[in-house]
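Let's take a walk through this model together, one stop at a time. Keep the sequence and the 3D view open as you read.

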Amino acid sequence: MATSLTPTAKDGPKRPVGTLYRGREGMWSWVAHRISGVAIFFFLFVHVLDTATVRISPEAYDAVIGQYKNPVMGVGELGLVGAVVFHALNGIRIILVDFWSKGTQHQRKLFWGVVVLFTLMMVPFAIRHLTFVFGH
Amino acid sequence: MSSSTDTQGTGAYAPALESPRSPYRRGKPTRSNWELHGWLFMRMSGVLLLVMVFGHLWVNMVAGEGINQVDWSFVAGKWSSPFWQTWDLIMLWLAQLHGTNGVRTIINDYAERDATRFWLKMALYTATLVVLVLGTLVIFTFDPCMDPASTLEVCRTGSAG
């Protein structure tokens, strides 16, 4: 069956062309939303367990938290905050697409708005956080 | 709606013939609106979580000495206040339920065998229960004066122990 996605003989055996969704902003923001969400979920599990050690003793908690206080974990924290900020901003985009009458019309602009806001928030945060991590 | 058919005001309605342009109404739903409520919960909790998690990250990682300030006495300082206890309790429940529903969606999407889906979700719900019970207990039973050297106001007077 010939569809708009079927390569014609003239084009040769190319990959199917993209659609409005596939391979575009809509699909990649969905992929990134899932990956960032799962990453945050697993972090939350570990975070509740490590914070629960405050109930054992001050020494136990400080020992656990001490494991985080090195440059490798510091950079990991930057990635985690990046996942949280992206997930939060893209979540607002999803809500606008769902509830704002012009949301679907502007969904691509909304995606680039997410990228711009993400950059505006993450650059100052990265400078401040990495200063704490490496300046200590 | 059909008040125009009840001209006598008797309250007795004949089965009304819908006008051609009346909106289509579905029959009685055979299933619950569970998934609709889940969809709505993700959006409502998402907005609240944005505010609460950003506030959490700001106070713990940006303000003051940033990540270097986080130790037991920092936590004790926050959790000696009902404000931060309530903040963290609401944030814990919203985040865990939001995350559980998200991972449940992902399991339903990718795990094709019925048994795989079932056991993955059982593991998910077990982890959720552990996190919610443990997290809630820790917030409510935490003693900010556990450290004898505490300089917190609440620990200097009264029955610190």
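D98(A) has a relative accessibility of 34%, so this residue counts as partly exposed; that label covers everything between buried, which is under 20% relative accessible area, and exposed, which is over 50% (1.4 Å probe, protein chains only). Its partner is R43(B), and the two form a salt bridge with their closest N and O atoms 2.5 Å apart. By salt bridge we mean a side-chain nitrogen of Lys or Arg within 4 Å of a carboxyl oxygen of Asp or Glu. R43(B), at 16% relative accessibility, counts as buried.

Before going further, a word on what you're looking at. This is a predicted model, in which local features need pLDDT of at least 70 and side-chain atom pairs count only at pLDDT 80 or more, while totals for chains, interfaces and linings use all residues. Residues are numbered from 1 along each chain as its sequence is written, chains are lettered from A and ligands numbered from 1 in the order in which they are written, and side-chain values use heavy atoms, with hydrogens and water left out.

Now for another charged pair. R34(A) and D109(B) form a salt bridge too, with the closest N and O atoms 2.5 Å apart. Helices here are DSSP runs (H or I, at least four residues), as are strands (E, at least two), and both are numbered from the N terminus. R34(A) is buried because its relative accessible area is 16%, whereas D109(B), at 43% relative accessibility, counts as partly exposed. The R43(B) and D98(A) pair crosses between chains as well, from helix α1 of chain B to helix α3 of chain A. Side chains of opposite charge can pair when their charged atoms come close.

How many salt bridges does a search of the whole structure find over all chains? The search turns up five, and the count between chain B and chain A is two. Another one joins D114(B) and R117(B), whose side chains meet at 2.6 Å, N to O. These two are three residues apart in helix α4 of chain B, so about one helical turn separates them. D114(B) counts as exposed because its relative accessibility is 56%, while R117(B) is partly exposed, with a relative accessible area of 22%.

Let's step back to the whole interface. In all, 43 residues of chain B are in contact with 38 residues of chain A, contact meaning heavy atoms within 4.5 Å. The area buried between the two chains is about 3,300 Å², and carbon and sulfur atoms give 75% of it; buried area is the accessible area (1.4 Å probe) that two parts lose on being put together, summed over both.

Next, chain B as a whole. Chain B has five helices and zero strands. Of its 161 residues, 36% are buried. Contacts between residues 24 or more positions apart make up 61% of those in chain B with a separation of 6 or more.

Helix α4 of chain B is worth a stop. At 1.5 Å a residue, its 28 residues should span 40 Å, and its end C-alpha atoms are 40 Å apart, which agrees; the expected span is 1.5 Å times one less than the number of residues. Among the buried residues of α4(B) are L124(B), A127(B), V131(B) and I139(B). The buried residues of this helix pack against α1 of chain A together with α2 and α3 of chain B. F45(A) itself is partly exposed, with a relative accessible area of 29%.

Over in chain A, helix α4 covers residues 107–134; its 28 residues should span 40 Å, and its end C-alpha atoms are 39 Å apart, which agrees. Its buried residues include L110(A), F111(A), M122(A) and F125(A). They pack against α1 and α3 of chain A together with α1 of chain B.

Our last stop is H33(A), in helix α1 of chain A. At 16% relative accessibility, H33(A) counts as buried. Setting aside neighbours within four places in sequence, H33(A) is in contact with F86(A), H87(A), N90(A), G91(A) and I94(A).
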